[in-house]
Amino acid sequence: MQEDIKKDKNNKVTIFDTTLRDGEQSPGFSMNMEEKLHFTNQLVKLGVDVIEAGFPIASPGDFEAVQKIAEASKGVTVAGLARADSQDIDVAWDAIKNAEKPRIHTFISSSDIHIDYQLKKNRTQVLEEAIAAVQRSKSYTWDVEFSPMDASRSDRKYLAEMVEAVIDAGAMTVNIPDTVGYAIPSEFGDLIKYLFDNVKNINKTVISVHCHNDLGFATANAIAAIEAGARQVECTINGIGERAGNTSLEEVVMAIRTRSDILNVYTDVNTKQIMATSKLLTHITGVAVQPNKAIVGANAFAHESGIHQDGVLKDACTYEIMKPEDIGIAKSTLVLGKHSGRHAVSDRMKNLGYEMSKEELDKFFVKFKDLADKKKEVFDDDLETLVWGSVYKEEGRFTVNNIQISTGMHSPPMTMVTLRDRLSESEETFDVANGNGGVDAGVKAVKKITGTSAEIESFKLVAITGGSDALCEVTVSVVEKVDGKQLTVFGNGVNIDISVAGILSFVDALNRLEYLKKKNGAERSAV
Ligand code: MN
């Protein structure tokens with residue numbers, strides 16, 4: 001049991017969340033400022049130790065986001081990422097300096113593959129730059145983290161030399177990344193052990209790991225590293241991140257909790273907030289987790305086999321190694337309807353973690369009434385979907401003012417869309433188009449109005465709650481070629497009508513594309 005672990009600091013695993021940096025930089029997962037700040041608040045509630053807020057030099061938008069997150073996060077360390085370059089470090093510091101606990105995270109490659117082919121330097125030069133980067137960061141703050149990028153494919157002796165040198169220069173945390181997701185658990189654990197055996201000042205630092213899931217080992221590698229002495233894990237909610245993603249926070253935290261009998265370590269994460277955080281991320285990004293995803297997937301606690309069900313009914317511990325309550329899966333029976341007042345709605349939203357301002361509540365209550373008029377029972381999932389589809393959505397370039405669809409089995413589908421374009425002088429523009437169904441016609445009408453060359457790549461429809469009057473959420477992935485580069489975004493639309501939700505999701509994607517185009521050309525990092 002977790003409670004039995006002696007909570008001395010040698011046993012604590014620091015949870016470093018990089019959802020807003022490594023996670024946000026993967027295609028289709030970009031978030032706007034409002035979304036990032038809301039997510040940050042949830043991370044604080046979850047009890048992570050460090051929030052990596054972003055890569056400040058990447059773009060003015062990234063800088064501003066890191067700055068706002070740094071100012072808003074209380075009681076938690078906020079890290080800003082910087083290459084081993086003085087300008088990067090200066091800009092990173094500028095972005096995080098108002099945080100209660102700022103940390104500079106600087107990195108340079110240690111593998112010959114990267115040193116020879118990407119940096120076109122030699123080992124001595126790179127070592128000197130690593131030391132200089134830590135020293136410069138130290139001139140701003142004591143809390144400096146250093147990462148030798150591509151550590152798992154580096155020469156071990158050289159890696160140990162670099163780790164020792166940066167600890168001497170003052171690195172308080174040294175992070176060992178498996179940047180390309182190449183390591184296997186026994187090998188990765190052995191690498192960490194090698195460093196403990198060969199770096200003589202290693203006890204002056206915290207060894208951290210940052211693993212990628214290209215071979216499906218991200219969590220396994222992190223656990224192997226903990227067994228070998230690592231005491232910080234870099235991870236993301238739902239395991240999002242570059243390519244196949246990062247170690248997933250919920251997996252590593254629940255593995256530590258469930259198997260503390262063997263691992264003998266603990267985290268300060270409030271596991272009861274795991275589900276809320278996971279759901280929040282899917283609402284913000286519009287990207288759901290696979291049903292069989294460990295810990296947070298829809299089926300993670302569903303017992304289908306008759307023998308298993310029988311066992312669980314007699315005693316949950318027969319087949320359940322974790323309790324759904326432990327990760328905050330609530331058994332909510334409270335249902336709202338059209339007679340529910342402002343107070344009841346506001347109360348329910350507070351319980352779900354949404355502290356709304358008066359203006360936000362006003363806006364939300366109108367949406368709620370509109371939904372409750374059409375739908376008899378309004379569940380928690382409806383409320384959460386609705387709040388992200390309406391209140392917290394930042395106004396983009398395009399707003400849909402009206403959609404009128406006419407369709408049938410034997411009549412040609414036709415949709416009229418009325419849009420407002422903030423870059424245009426006219427109040428609103430409308431157009432009509434035919435298509436293969438209401439959504440297709442609507443998307444064509446939107447294309448005629450906006451002149452966009454963006455195309456829908458995939459279209460996914462989910463009914464949020466049961467019944468033919470269910471609220472629907474459509475997620476589309478949309479691609480557009482801009483200056484020879486392909487941009488991908490996800491768009492999200494929520495409505496009680498499937499076709500309307502589909503058209504709204506396309507317009508949402510266009511707004512996200514506008515946001516991404518502003519960031520286009522930004523430097524991207526990949527620790
Ligand atoms: Mn990474």
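User: How are the residues numbered, and what limits apply to the model?
Analyst: Numbering starts from 1 along each chain as its sequence is written. In this predicted model, local features need pLDDT of at least 70 and side-chain atom pairs count only at pLDDT 80 or more.

User: How do α17 and α18 cross?
Analyst: The axes of helix α17 (residues 438-450) and helix α18 (residues 498-519) come within 8 Å and cross at roughly 30°. That makes α17 roughly parallel to α18, a term for angles under 35 degrees.

User: Which residues make the contact?
Analyst: On α17 they include Gly 438, Val 439 and Val 443; on α18 they include Ile 503, Phe 506 and Leu 510. Contact means heavy atoms within 4.5 Å.

User: What about α15 and α16, how do those cross?
Analyst: Helix α15 (residues 358-374) and helix α16 (residues 380-389) have axes that come within 10 Å and cross at roughly 130°.

User: Changing topic, is Asp 197 buried or exposed?
Analyst: Asp 197 lies in helix α8 (residues 185-198). Its relative accessibility is 53%, so Asp 197 counts as exposed, which requires over 50% with a 1.4 Å probe.

User: Where is Lys 460 relative to Asp 197?
Analyst: Their C-alpha atoms are separated by 51 Å, and the residues are 263 apart along the chain.

Technical notes
Heavy atoms only, no water. Axes fitted to C-alpha atoms, helices over the stretch in contact; angles between N-to-C directions. Helix = DSSP H or I, 4+ residues; strand = E, 2+ residues; numbered from the N terminus. Parallel < 35°, antiparallel > 145°, perpendicular 65-115°, else oblique. Buried < 20%, exposed > 50% of the residue type's maximum accessible area, 1.4 Å probe, protein only.
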